[in-house]
Amino acid sequence: MDFSELIRKRYSVRAYKRDPVEDDKLQQVLEAARLAPTAANLQPFQLVVIRTAGREAELRRIYHREWFTQAPLVICMCGVPGQGWVRSSDRKSYTDVDAAIVMDHLILAATNLGLGTCWIAAFNPVAAREVLGLPEGVEPIVFTPLGYPDDQPGPKERKPLSDLVRYERW
Ligand SMILES: Cc1cc2nc3c(=O)[nH]c(=O)nc-3n(C[C@H](O)[C@H](O)[C@H](O)COP(=O)(O)O)c2cc1C
């Protein structure tokens, strides 16, 4: 798919078919994540791939939407801030930025393969830690289901560029 078509085609999928995701497609999506850039190339993240079959009830403790567990897979992007780059002048951690870039690679690769995804940040982090058994120092940052879409995209509602871009200075 042409890149501009790809970024227009991606949308938040909130209904999924039960059809399995082929393993080679899962591997392609994960490989796209692996190739993403991170600050100082430190790659301070771990992806947890979860098969939803039979785990629907406990997964809904993490995010209480029926469509969350409709897809055969859910992926959790975890940051490991202790392994990430921190700007020395003000101690700002870039692990969340790294995680977002990696997730965007994953999501665009999925879209390119006809798979649906949805960024999910409004999850319960305490339940996520428990259900996934996350060790200390590992932070769940964002989830996405991964499966074939069973809905249609709505119109893209975005601010015009004139509201979002300034040239030369604020
Ligand atoms: C960081 C982030 C967190 C999000 N969290 C949620 C969420 O918890 N639940 C949800 O249904 N959508 C969530 N979304 C999806 C946004 O609502 C969606 O991307 C936005 O409305 C634009 O729609 P589109 O993705 O279909 O283009 C999130 C998106 C981002 C980027």
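## Helix H5

Helix H5, which spans residues 125-132, has four residues listed as buried: Ala 127, Ala 128, Val 131 and Leu 132. Viewed along the axis of H5, these buried residues fall within an arc of 110°, so they line one face of the helix. Val 126 and Glu 130, on the other side of H5, are exposed. This description, like the rest of the report, refers to a predicted model.

The C-alpha atoms of Ala 127 and Ile 107 are separated by 24 Å, and the two residues are 20 positions apart along the chain. Ile 107 belongs to helix H4, residues 95-112. The relative accessible area of Ile 107 is 0%, and the residue is therefore buried.

## Helix H2

Helix H2 comprises 12 residues, 23-34. From its first C-alpha to its last, H2 reaches 16 Å, close to the 16 Å expected at 1.5 Å a residue. The buried residues of H2 are Lys 25, Leu 26, Val 29, Ala 32 and Ala 33. Seen down the helix axis, the buried residues of H2 fall within an arc of 120°, so they line one face of the helix.

## The ligand site

The ligand is surrounded by 13 residues, and the closest are Ser 12, Arg 14, Trp 119, Lys 156 and Arg 158. Sorted by class, the shell around the ligand consists of 8 nonpolar, 1 polar and 4 charged residues.

In the side chain of Lys 156, an N or O atom is 2.7 Å from an oxygen atom of the ligand.

Glu 22 is located in the loop between helix H1 (3-9) and H2. With a relative accessible area of 36%, Glu 22 is partly exposed. The side chain of Glu 22 makes a polar contact with the side chain of Tyr 148, at 2.6 Å. Glu 22 can also be related to Ala 122: the two residues are 100 residues apart in sequence, and their C-alpha atoms are 28 Å apart in space.

Arg 8 is found in helix H1. Its relative accessible area is 63%, and Arg 8 is therefore exposed. Arg 8 and Gln 152 are 144 residues apart along the chain, with their C-alpha atoms separated by 13 Å.

## The loop between H2 and E1

Thr 38 is placed in the loop between H2 and strand E1 (45-51). The relative accessibility of Thr 38 is 11%, and the residue counts as buried because the cut-off for that class is under 20%. A polar atom of the Thr 38 side chain lies 3.3 Å from the backbone nitrogen of Leu 42.

Asn 41 also lies in the loop between H2 and E1. The phi angle of Asn 41 is near 55°, a positive value in a residue other than glycine. Asn 41 has a relative accessible area of 51% and is exposed, because exposed residues are those over 50%.

Gly 147 is in the loop between strand E3 (139-146) and H6. The relative accessible area of Gly 147 is 0%, and the residue is therefore buried. Gly 147 and Pro 81 are 66 residues apart in sequence and 29 Å apart in space, C-alpha to C-alpha.

Glu 168 is found in the segment after helix H6 (161-164). Although Glu 168 is not a glycine, its phi is positive, at about 75°. At 81% relative accessibility, Glu 168 counts as exposed.

Note on methods
Residues are numbered from 1 along each chain as its sequence is written. This is a predicted model: local features need pLDDT of at least 70, side-chain atom pairs count only at pLDDT 80 or more; totals for chains, interfaces and linings use all residues. Side-chain values use heavy atoms; hydrogens and water are left out. A residue is near a molecule or strand if one of its heavy atoms lies within 4 Å of it. A polar contact is a pair of N or O atoms within 3.5 Å; within protein, one must be able to donate a hydrogen and the other to accept it, and residues adjacent in sequence count only if both atoms are side-chain atoms. Ala, Val, Leu, Ile, Met, Phe, Trp, Tyr, Cys and Pro count as nonpolar, Asp, Glu, Lys and Arg as charged, and the others, Gly among them, as polar. Helices (H or I, at least four residues) and strands (E, at least two) are DSSP runs, numbered from the N terminus. The expected span of a helix is 1.5 Å times one less than its number of residues. Buried means under 20% relative accessible area, exposed over 50%, partly exposed in between (1.4 Å probe, protein chains only). The arc is that of the directions from the helix axis to the C-beta atoms.
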